[in-house]
Amino acid sequence: MSPDSAVPGSPADVLAELDALRRRTRAARHAHWLPLLLFGLLGAVALPFYVMAETPAEMVAPQQVPILARLGGDVLDDAVALGWYWLAALIAGYLVSLAWYRWRGQQVGLQSPVRGYVLAGLAGTVAALTLTLVLDVLYSNVSGPVHDLAVWFTSELMAVNSRGMFPHLVIGVGLAVLARLERSRALTVTVVLYVAVLVLVSVAFRVDAYAVVGLLGRFTFLVAALLPVVVLLAGGCAAALLRRRPA
Amino acid sequence: MSDADEAERPPFPTNALDDVVHQRHRLGILTIAAEAERVEVGYLRDALELTAGNLSRHLAVLEEAGLVRTEKGYHGRRARTWVAITPQGVAALDAELAALQELVRRRLG
């Protein structure tokens with residue numbers, strides 16, 4: 001075939017060939033195993049902050065927490081330290097991810113469009129911090145004329161935040177954007193599983209200053225933070241192993 | 001067939017095939033470039049099993065048509081050329097794929 005000859009074969013053959021090329025290219029640029037492992041490890045390092053000195057009382061008095069440290073919630077013993085940790089860890093995590101994709105793009109020769117993922121993660125971090133403030137204002141203003149659903153939604157979000165779980169939501173949002181950008185089914189499945197576990201632990205281990213549902217113990221909050229971390233680490237390990245498998 | 005029938009009949013899908021795009025290697029270049037923010041020439045050469053001269057010629061055709069743009073850069077001391085698909089390139093690739101799918105549909109239908 002001369003270089004300028006038209007496409008040979010039937011249209012179906014051509015489409016099949018292009019589809020195979022597209023799948024190979026996608027597989028070559030998938031690199032989400034590192035962000036999964038990275039955020040899994042960052043979550044694992046945070047786990048000791050979720051251990052309480054003693055079994056918390058059924059009604060927990062919220063602490064005063066600096067605005068920038070509010071990602072650590074307000075009922076944990078180490079809420080302030082956890083808040084500062086997550087703020088630094090999330091920013092570092094997204095910047096390291098960006099550096100990783102840039103470096104890998106140079107090595108492989110395929111650069112992934114991951115700016116949206118990094119921006120979503122950093123914007124999510126700022127949004128989560130802002131949301132903690134908004135929720136405080138909302139909760140003290142929605143109980144009267146506003147719909148019960150708004151009260152319920154606000155208090156549920158506050159309960160998630162009070163246990164220092166907002167950073168996991170930020171990670172989930174970032175990974176969901178990454179799954180879309182990478183067009184990766186495996187990462188999409190991991191993100192769905194991760195969010196499902198987040199919802200599950202939020203229901204099972206719900207405790208805040210206003211209501212108590214579920215189990216309570218020194219390690220309750222640790223278990224709630226551990227399960228999503230396990231999903232990230234397992235997803236990252238699986239993705240790393242699968243990428244080594246010959247196509 | 002009357003003139004009115006002829007006017008109402010949808011154009012045959014081959015009319016939508018663009019000579020610039022409807023070429024095996026150029027379709028391959030656009031398909032790969034559409035999957036990434038930008039792709040290095042070395043990757044295209046390996047993936048499409050082309051010689052440097054052949055690939056360069058196809059890239060020149062696509063660039064002249066405004067379907068891709070190339071950027072020169074360095075990785076360490078090594079000069080590298082990156083290729084990125086333009087919005088016109090994405091539209092042309094989509095149109096080509098749609099025409100091919102329509103041809104398949106007509107053949108099966």
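I began with the interface: 22 residues of chain B are in contact with 22 residues of chain A (contact meaning C-beta atoms, placed from the backbone, within 7 Å). This is a predicted model, where local features need pLDDT of at least 70, side-chain atom pairs count only at pLDDT 80 or more, and totals for chains, interfaces and linings use all residues. Residues are numbered from 1 along each chain as its sequence is written, and chains are lettered from A and ligands numbered from 1 in the order in which they are written.

Which elements of chain B give two or more residues to the side that touches chain A? I got α2, β1 (38-40), α3 (41-48), α4 (52-64) and α5 of chain B. α2(B) gives the most, with five residues. Helices here are DSSP runs (H or I, at least four residues), strands likewise (E, at least two), numbered from the N terminus.

Next I checked how α2(B) and α5(B) pack. Helix α2 (residues 24-34) and helix α5 (residues 87-108) of chain B have axes that come within 10 Å and cross at roughly 120°. Axes are lines fitted to C-alpha atoms, for helices over the stretch in contact, and angles run from 0 to 180 degrees between N-to-C directions. The pair is therefore oblique (under 35 degrees is roughly parallel, over 145 roughly antiparallel, 65 to 115 roughly perpendicular, the rest oblique). On the α2(B) side I found Leu27(B), Leu30(B), Thr31(B), Ala33(B) and Ala34(B), meeting Gly89(B), Val90(B), Leu93(B) and Glu96(B) of α5(B).

Then over to chain A. Helix α1 (residues 11-29) has 19 residues and reaches 27 Å from first C-alpha to last, close to the 27 Å expected (1.5 Å times one less than the number of residues). Its buried residues are Pro11(A), Val14(A), Leu18(A), Thr25(A) and Arg29(A). They cover an arc of only 60° around the axis, so they sit on the same side of α1(A); the arc is that of the directions from the helix axis to the C-beta atoms. Buried means 20 or more other C-beta atoms within 10 Å of the residue's own, exposed 12 or fewer, partly exposed in between, with C-beta atoms placed from the backbone. On the other side of α1(A), I noted Ala16(A), Asp19(A), Ala20(A) and Ala27(A) as exposed. What do the buried residues of α1(A) pack against? I listed α3 (79-108) and β1 (110-111) of chain A, together with α2 and α5 of chain B.

Key: Two residues are in contact if their C-beta atoms, placed from the backbone, lie within 7 Å.
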